[in-house]
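Subject: Structure handover

Hello,

Here is the structure I promised to pass on.

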Amino acid sequence: MSAVLTRRRPARGKLARHGLAKHRGPAAWLVLAALAVLTAAVLFPFALIALNAFKPPAQYSAHGPLSFPDGFSTGGVSTFWQTADFGRALWNSVLISGCVCVLAVLLSILNAYALGIGRVKGRTWILGAFLVANFLPQEGLVYPLYDMAKAAGLYDTPLAVIIIFTVIQGAFGTYLLSSVLSTFPPELLEAARMDGAGRARILWRVVVPVSMPTIGVLLVFFFIWTWNEFFLPLVFLVSNSNQTVPVALGTLQGQHIMNPLTTSGAALLGVFPTIIFFLIFQRTLTRGVTVGAVK
Amino acid sequence: MTAIAQQRKPGAEAATTRTRGASSGAAGGGRYATYLLPAAILFIVVIAVPLALNVYTSFTNWTGVGPRQWAGLANYRQLVHDSEFWASMWHSLALVAAMAVIPTVIGLLVAAALFDVIAKRFGPRLASVLRACIYLPQVLPIIVAAIVWGWILDPQYGALNVGLRDAGLGFLAHDLLGDPHTALLTVMAVLVWFQLGYPVVIFMAALQRTDPALTEAAEIDGATWGQRLRLVIVPQIRPEIYVVLLTCTVASLRAFGWIYALTSGGPGEATQVPSYYSYQSFFTNLDVGYGSAIATVMTVIIVAVSVVFLWAQRRHAL
């Protein structure tokens, strides 16, 4: 039965592919139309931001958010930039996300070396603990962490947030990188051992360079995930000079002092960095999402 | 040829793993453990101790200053009789539907349509452009996306109601987030918009590793598109479906940013969720013991959900 199937398959497959590939029947056009409508709906908010971010205030109040801009004004953006001290917030976000992604990757590499290649005893349980730690709701950790940070003098400092996210992101990185390293080619390790390389040397000279593609994905992911975090930074970074981009946006929104134009300016400034990341890292991102899923 | 290669790979891998495991495991598994030391210390300080302290605090009365007073199960007893807590739990289920169930179902249809119809008949380039556009909301910080939607849905100057009024449909204009009957549904719709791209990207990648011969065979045997999707494609990408459902469910229980920026749990308690409720108890009501009890319940639920999912996934993988 299966033999017959496999023997017949190539011919029929070719036929089917040849017959269908160029055929765009009404059903295919219908599917395309439905997807086009869906995509337009998904993109609609982005279009609205673009339409309104630089609209002159007079036109906004007269014709509303849907009118096409008849002039160019940076009023909304610059007002928001000043009220939120946005330059400062950008710098804080870059600092925190940058430190977290490097430190969390380092932590993941050390753990994954012991678990994936060293095959330390009880590794299944250790990996399970890391995975659960990554899933834990931050609400269940926040108050004790807040209390401890106050006692240690780290409250309202970027360092507190960096330490916490290094552990949370590192927990995910450990899980992912361990499963990647558990299929590391043993010949490479054996060859390095023959050459007299010690464990540390093998890690930094053999394992890390070979695993660079996965490590690169993790760096990008940790950076963006940390950049987008809101809950813990909101609790820990209370003073304006320490706030990250999402916290600066969120607290201004919470104070209800924004008008429509500063809101669209704020939205533009909030969207802008992530769109830049998206364009730079698009390939890494889509590849990385899938790596995370299959492992 | 490829079939042979694929068949041999797992065997070869298992063999090499076994030899490697034997040599390094016997020689010095103990010395590799030193690499876990930094993580062990950080893990204890940042995860284990706070987790234990939170559970302990949930059995006490505490305002955040001074000593905790032991209260036994009082916080949990209060929780059981607290209608706002139960409302928040039901709203969580609604958010699981909006962030996990609905995006998984729609995402499966969209991914299959992109993979099966668009990529094959209109070219893979168009398919990947559409995929990128649908994924775009996922890269936004939640708070930014929530601010944008709060602005669109604003009853006075928001694009939605202004647009309806301009089109002469003013009678349809509605304060969607301000009406307790529509607030939760509106938040759910926004969450679907945000979340959809994630399953689409994962499922499209999953479809690429499925065997096209199976789908073609089913097509030749006269299976309809729906039958092919249900009986041929879904079983092949089951691991990805599990992962998407798990990660989206966990994400939906952490909907703090959305609620904070869109509704603050209101109007009334129409969109209250455990995450926001615990935050309010901690930092607004200064009832830290009660907040800890809510957070402990959340932790137990999320750990239970992840364990069940991982167990189910493992069982299917074997």
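Start with the surface of chain B. B:Val101, B:Ile102, B:Val105, B:Ile106, B:Leu109 and B:Trp225 make up a nonpolar patch there. Together these residues have about 460 Å² of accessible area. Helix 4 of chain B, residues 83-122, gives the patch its largest share, five residues. B:Leu109 is in helix 4 of chain B. Keep in mind that this is a predicted model.

Next, the interface. The size of an interface is often given as the accessible area lost when the parts come together. Here chain B and chain A bury about 8700 Å² between them. Carbon and sulfur atoms account for 77% of that area. The contact draws 94 residues from chain B and 99 residues from chain A.

What links the two chains in polar terms? Four residue pairs are in polar contact between chain B and chain A, both residues being at pLDDT 80 or more. The number of salt bridges between chain B and chain A is zero.

Which helix gives the largest share of chain B's side of the contact? That is helix 2 of chain B, residues 37-57, with 12 residues. By type, the side of chain B that touches chain A has 66 nonpolar, 17 polar and 11 charged residues.

Last, salt bridges. Over all chains, the whole structure has four. One to look at is A:Arg193 with A:Glu190, where the closest N and O atoms are 3.3 Å apart. Both sit in helix 9 of chain A, residues 186-194. They are three residues apart there, so about one helical turn separates them.

Best wishes

Note on methods:
Residues are numbered from 1 along each chain as its sequence is written. Chains are lettered from A and ligands numbered from 1 in the order in which they are written. This is a predicted model: local features need pLDDT of at least 70, side-chain atom pairs count only at pLDDT 80 or more; totals for chains, interfaces and linings use all residues. Side-chain values use heavy atoms; hydrogens and water are left out. Contact means heavy atoms within 4.5 Å. Buried area is the accessible area (1.4 Å probe) that two parts lose on being put together, summed over both. A salt bridge is a side-chain nitrogen of Lys or Arg within 4 Å of a carboxyl oxygen of Asp or Glu. A polar contact is a pair of N or O atoms within 3.5 Å; within protein, one must be able to donate a hydrogen and the other to accept it, and residues adjacent in sequence count only if both atoms are side-chain atoms. Helices (H or I, at least four residues) and strands (E, at least two) are DSSP runs, numbered from the N terminus. Ala, Val, Leu, Ile, Met, Phe, Trp, Tyr, Cys and Pro count as nonpolar, Asp, Glu, Lys and Arg as charged, and the others, Gly among them, as polar. Patches are made of residues with over 30% relative accessible area and no salt bridge: like charges are joined within 9 Å, nonpolar side chains (Val, Leu, Ile, Met, Phe, Trp, Tyr) within 5 Å. Accessible areas come from the Shrake-Rupley method with a 1.4 Å probe; for residues, only the protein chains shown count as cover.
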